Amino acid sequence: MIQRQKGCNDIYGREAKVWKYIDTVIDAMMEKYNYNYIRTPIFEATELFHRGVGETTDIVTKESYDFEDKGGRKITLRPEGTAGVVRSFIENKMYGDPNQPVKVYYNGTMYRYERPQSGRDRELTQFGMEILGSDDPLTDAEIISAAVNVFKMLGLKEIKVNLNSLGDNESRDNYRKALVDYFKPHINELCEDCVERLEKNPLRILDCKVDAENEVLKNAPKTLDYLTEESRDRFEKVQEYLEIMQIDYTINPNIVRGLDYYNHTVFEIEAKVEGFGSNNVLGGGGRYNGLVNQLDGPETPCVGFASGIGRLVKALELEEVKVPIVEDIDLFIMYVNEEEKKYAAYLTQELRLAGFIVDTEYTGRSLKGQFKQADRLNAKYICVLNSEDLDNNEVKIKNNKTKEEEVISLDALIYYLDEKLTTEVEDDECDCGCGHHHEHGECEHGECKCSHHHEEKGE
Ligand code: HAM
């Protein structure tokens, strides 16, 4: 049997519905922040990532899926979304659009040849957002607030924003020197890769996965002590805006990020829920003012963020967040003979186009088997087609919960179902007036069980 590749996942059944739900929350929140959806290719020229993400980063040196295509071009499956967005920004001359800054978001698969483990996949799905064309600290705060609000809208509570600043080029140079001076006497205590990193890119030592628990790393100099006055002021502004927006954060000087393009603000958002394991960073991002220029575009200050959807699914599960997914259908249509089956084909089509969730029998089950199937599908209503009724232009519709049955004229069927299914929603509604959750039966007897919604209403 051919099996799926290591570090790849099949998402199906209920889990696939949760993924779809997350997508709708992302789309809704991004619309509120006025970000436009962007799709860039899954593969790009290898050079883009080498020059963009950094020659000495793990995702380029160890984890990239590189291949040569039939035309001899050097291709890489994208390990992240920012480099592709920046290439597109330059290639499509978006910097020339008077509507600046350009605010975009994406949601797609990325590829990293990592050692597969919980929370670390080789094929992963990221949603991300980028603001290109503004150096205003308000945009740093906006990106963080948008990320946090997506998580909150999903119903996650146990999250923590870790914030740091790498400063401008001068700050980074000062810091680099301090790191080299600090690590040199400890060179024998570092892993082989880190010895090489000391020469090429000492900052990368700080996010080494092998040396993560090494005391030498833990006691290394901190970025914030090397910020220029200007960078420090800028960092304070970001914090001020976050406070105005009431976004909780913690300054964490250990956040340096694993990609080379960052300067000034860097941040990661962690899931604090128990049982997550070590890969509990839901997302991360920061400012990357030099990248557009480095990829041959005009000087353009940018900031962005990305999050792994798989980790969000896990966080929702561990926090036991009730996800409002539809797990029932409106009507299951049953039949016995070929004539009734043809009518079933007609009726399913009519009712689906009228907006109902309708299913029917496809595997030759007996009537008894069809009743069981209707229950498996959580059908709210069932309809057993019968030639005699059809001759009279009628059908029998049964409420699958109360088992009450009514004979309905075919001409009135859509109105009947419409009224029945809408009335049920109203019957379930509680005082909080949101309408949304009740469809999924989460509110009972006027008391909303989902604290999530009340928080949104400030109650
Ligand atoms: P990153 O920290 O490399 O940043 O990835 C962002 C998020 O993607 C991680 O926090 C994690 O949730 C998820 N992720 C990364 N690798 C894996 C993996 N192997 N398996 C599962 N999930 C994973 C970036 O990619 C930057 N492009 C973010 C950014 C956007 N910076 C500025 N703009």
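A salt bridge is a side-chain nitrogen of Lys or Arg within 4 Å of a carboxyl oxygen of Asp or Glu. Side chains of opposite charge can pair when their charged atoms come close. D140 and R234 give us an example here, with their side chains meeting at 3.0 Å, N to O. This pair links distant parts of the chain: D140 sits in helix α5 (residues 137–154) and R234 in helix α9 (residues 229–244), 94 residues apart. Helices (H or I, at least four residues) and strands (E, at least two) are DSSP runs, numbered from the N terminus.

Before going on, keep in mind that this is a predicted model, where local features need pLDDT of at least 70, side-chain atom pairs count only at pLDDT 80 or more, and totals for chains, interfaces and linings use all residues. Residues are numbered from 1 along each chain as its sequence is written, and side-chain values use heavy atoms, with hydrogens and water left out.

Are D140 and R234 buried or exposed? D140 is buried, since its relative accessible area is 0%, and R234 is buried too, at 10%. For these labels, buried means under 20% relative accessible area, exposed means over 50%, and partly exposed is in between (1.4 Å probe, protein chains only).

How many salt bridges does the structure hold? There are 29 of them. Another one joins R120 to E114, and their closest N and O atoms are 2.9 Å apart. R120 counts as buried because its relative accessibility is 17%, and E114 counts as buried at 7%.

Now look at K420 and E406, whose closest N and O atoms are 3.7 Å apart in their salt bridge. K420 belongs to helix α15 (residues 413–428) and E406 to strand β16 (residues 405–409), so this pair ties together parts that are 14 residues apart in sequence. K420 is partly exposed, with 29% relative accessibility, and E406 is partly exposed as well, at 33%. Salt bridges can also share partners, and that is how D58, K62, D193 and R197 end up joined into one network.

Next, let's see how two helices meet. Helix α1 (residues 13–32) and helix α11 (residues 309–318) have axes that come within 10 Å and cross at roughly 110 degrees. That makes α1 roughly perpendicular to α11. The axes are lines fitted to C-alpha atoms, for helices over the stretch in contact, and angles run from 0 to 180 degrees between N-to-C directions. On that scale, angles under 35 degrees count as roughly parallel, over 145 as roughly antiparallel, 65 to 115 as roughly perpendicular and the rest as oblique.

Which residues make the contact? From α1 come E15, V18, W19, I22, D23 and I26, while α11 brings I309, G310, L312, V313 and L316. Contact means heavy atoms within 4.5 Å. Sorted by kind, the residues are eight nonpolar, one polar and two charged. Here Ala, Val, Leu, Ile, Met, Phe, Trp, Tyr, Cys and Pro count as nonpolar, Asp, Glu, Lys and Arg as charged, and the others, Gly among them, as polar.

On to a sheet. Three strands form an open sheet in the order β2-β4-β3, and the pairing is antiparallel. Two strands pair if DSSP finds at least two bridges between them. β2 (43–45) and β3 (65–68) stand at the edges with a single partner strand each, so one side of each is left without a neighbour in the sheet. From one strand to the next, the twist averages 35 degrees. Four bridges join β3 to strand β4 (residues 74–77), and E68 has K74 in β4 as its bridge partner.

With 22% relative accessibility, Y343 counts as partly exposed. Leaving aside its neighbours within four places in sequence, Y343 is in contact with L385, L390 and L410. Y343 and S387 are 44 residues apart in sequence, and their C-alpha atoms are 9.3 Å apart in space.

Finally, check out some backbone details. Q100 and P101 are joined by a cis peptide bond, with omega at about -5 degrees. You'll find P101 in the loop between α4 (82–91) and β5 (102–111). H264 isn't a glycine, yet it has a positive phi of about 50 degrees. H264 lies in strand β9 (residues 263–271) and is buried, with a relative accessible area of 10%. K403, also a residue other than glycine, has a positive phi near 65 degrees. K403 is in the loop between β15 (394–399) and β16, and counts as partly exposed at 45% relative accessibility.
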